[in-house]
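This briefing gathers computed features of one structure, grouped by topic. Please read the points below alongside the sequence and the coordinates.

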Amino acid sequence: MADKSIYYGGKGGSPMYYGTRKPMYYGAGQHYGGAASYGAYGSYGGGSYGGLAYGNKGGDEAASIVGTITFSRILRVVSQRWLSIFVFLLVGLIVSFAIYRISPTIYQATSEFTMDMRRSSAGGMRGGQGAIADAMPDLGTTYVEVFNTRVPDWRSEKLITKILQHYRSTRPTSVVSDEEIIGALAGSKLELVRNSRIITISIRSKLPTLCADLANAYAESIEAFTDEENKIRCDKAVSQIHGNVERKSREVDKLQKQLLDFRTANKVDALRSTLETIGQSLSKTTADILTLESSEAQLVEWEKMLDAVQKDPSSYGSLSTGVPRAQEIATEFRAYQDADGEYQKLIISFTDSHPEVIAAKKMLDLARQRFLDAAARALQTGRSTLQVTRNQLSSLRQKQEDLRSEQASVAQRIVLAESGLKRLEEESAIANELLKSLMTNEYEARLSAESNNEIVRVGRQATIPEKPVLPNPALIFGAGLFVSIALGVLFVLVLDNLEDTIVNLSDIEDRLSLKVLAVFPHVRSKKREDVAKALVTNKHSMFSEAVAGLRNLLDSPRYEALSHCILLISTQPGEGKTITSTSLAISYAQAGRKVLHVDFDLRRPRLAKIWGVDIDQEHSFSHVLQNAGTSHPDFSKLVNHITEPHLDVIASLPPEGVSPATIFGSSAVTDFFDWARANYDHIVVDAPPYGLVGDVVSLSVLVDSVIIMCCPDRTHFTPIRCCSRSLTEAGANILGTIVNDIEISSASAFSPSTGGHGYRKYGYGKYGYGKYGYGYGYGYGYGYAPTKGKKDGEKSGKKDKAKKLDEKATDAVDNGTAPKDASSEKKNEESGASKQFADEE
């Protein structure tokens, strides 16, 4: 279970996710911040980060501009940016149409001729490959080899000239220039039809008549060209082949004599006859041995059984009819059984001294003795038979060994003789075949020289084409669609990889290698204080359940040792760090733990306002630390006991006359944590955002663990990556991230079932709560830009209306009467009424 991600809540529950993937951090951490300023913390979102350009992906992502390609990522990106792909598709179709329109119209005509490697004679169709093989030894023996060898000749300048002359002679009125004809011939194609002797000639031209005439002229010119060459070669072939036949004939006679001498010397036929006779004898001997071995096995079994009967007559069962004296033994055993039965009947009715019992006992002993005698005689007969059988087996086995030795010897002699004989026979057969081939070639060469037969014949004439072959609309538009879609997908993948904003859960876990500990929903509230105390005012909301789930995760055995002192940080203001730390502290307090909530955001403290505590400089955490010097302040005097049971707060005033950088480097901070650990079960620290200052790095090594806040479409990759690297190198324990401020209608983007689609670009229906399926949002908004176009009166009225709807929805959920479409009704009424409002940050 530890190897899988566990989702608490689903389509009908709160969108909380608890990942279990072990975080990995690569490279060196670097602080970020630039020339631009943001309040007390410097740069957030602009400039460079310690020399690391904002938006630089780092690690494996820098190696590819496309990023990691997975099926789920492609689905997400395509669903988000389908319009861009559609634009690429339209552009591809337009370009394909333009190419189709501007492409010239090309026609193609095809003629055929056959290529035969055999010659015809006056007496019928006879092969003429002898003359060709001798006169053209480089052509090959297969149609493919001959075709490949002939193609350079059929494309030679000599043949092109012949084709041009043939065309001019058959089309004297043609006005086509020689350059155009040569250009068409240069683009011609000769192909051998597979598993046939047909060769096709394809000519393409803008003029349909020209391509047909040139295809026919090409085929006829090849036929004439080949005839001329064959005649010349056939004239030379006769004198050459005859000398080859004479040499091969003398070689065949020599091999025949060697073969006859070898047969006489080795007598292979007699050895084969001897081997066959030995084999027959060996087969018969083996069969006899098997029969005797079977008889031996039976006799051994019978001997064991009869031995057992001698010792205990009652163990007798039955014997095969082949056992010696089996019938006699069976008869005596039945008599013994009858006597024993009679004795057992009497012994039941009378005593042992009764006359009838004594008589029956004598009869039983007599029958038993007869049975044992019969078994003894049978045993003696069986042992005699067994000894005879074993003697026969010994003799046959010795004979078998002798036959096998003789057989191996004869077989070895035959193998040696046959190998030599086979070699001579193969040489003789090859020589005879070659002689026959040469004699046939000589005959065919003579016939070819006399009859002047051809091996190429024009087949199908080319006809004038009616439809053009180019441009091909299916090919052009198909390729355009494929290329445009591929380029579109590649384009949106590049855009998605270059986008520096986190949009879904897979961005955090895959690209940042950080675990997602929890997903907090958006709470519709105007004031920060109301959001922070949502766990007190509404314990059954989705936000409260999400915080409780995070608390339970931190209490698990895996994180329990790291949850005593927790530091919550963010990479920029407005990501919910303070609200989350407050909520987590309340959740621990509601569980009966003694909790201390500390405001270490010394530059922009907020806890005093949230908890409504009024402090002076003597009770201000930052001022006490500033004035501590070498003394040890009494931190218990800084504790503010609030109305929430088990929860104490240490707050700070705005940093007037305070140097936070000096404070974080003092020993008073270490003393404070020692004091807090000794007096509280849990310490929840609200830290400043990670940025230009090094406060967070100093604090991270003093606490047990660090949790980083993350807001989709707000948090950037580079700051959070730099933050995790820096803290890890400093020795901090980063537990993971909390995904905050998720709209309920799009929270399914942070569920594994959506494949990581965009978090707010595509909603996935209502997100129900519990078993009631009532979709209402709780989350919180405390952004830093006020909602535009809203007047104060409109805000107040719509806020009151939204608040009433929230109370009504909560009551409906608690009573189990919430309608299924209440979420959409509430959402429509609330739209524009309760957005995120700006506060001091």
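Leaving aside its neighbours within four places in sequence, Leu727 is in contact with Ile569, Val696, Val697, Ser700, Val706, Ala732 and Ile734. This description, like everything that follows, refers to a predicted model.

**Nonpolar cores**
- Leu727 also belongs to the largest nonpolar core, which has 51 residues, and it is listed among those with the most contacts inside that core, together with Ile569, Phe600, Phe621, Phe672, Phe673 and Trp675.
- Helix α20, which covers residues 667–679, gives the most to this core, contributing six residues.
- Apart from this core lies another, of 36 residues, which includes Tyr107, Met115, Ile163 and Ala462.

**Helix α16**
- Helix α16 runs over residues 577–590, and because 14 residues at 1.5 Å a residue should span 20 Å, the distance of 20 Å between its end C-alpha atoms agrees with expectation.
- Of the 14 residues of α16, 13 are buried, so this helix is largely enclosed by the rest of the structure.
- Just after α16, Gly592 takes a positive phi of about 90°.

**Ser295 and its place in helix α8**
- Ser295 lies in helix α8, which comprises residues 268–311.
- Although Ser295 and Thr385 are 90 residues apart in sequence, their C-alpha atoms are 9.6 Å apart in space.

Note on methods: Residues numbered from 1 in each chain as written. Predicted model: local features only at pLDDT ≥ 70, side-chain atom pairs only at ≥ 80, totals over all residues. Heavy atoms only, no water. Helix = DSSP H or I, 4+ residues; strand = E, 2+ residues; numbered from the N terminus. Expected span 1.5 Å × (residues − 1). Buried < 20%, exposed > 50% of the residue type's maximum accessible area, 1.4 Å probe, protein only. Core = buried A, V, L, I, M, F, W, Y, C linked by side-chain atoms within 4.5 Å. Contact = heavy atoms within 4.5 Å.
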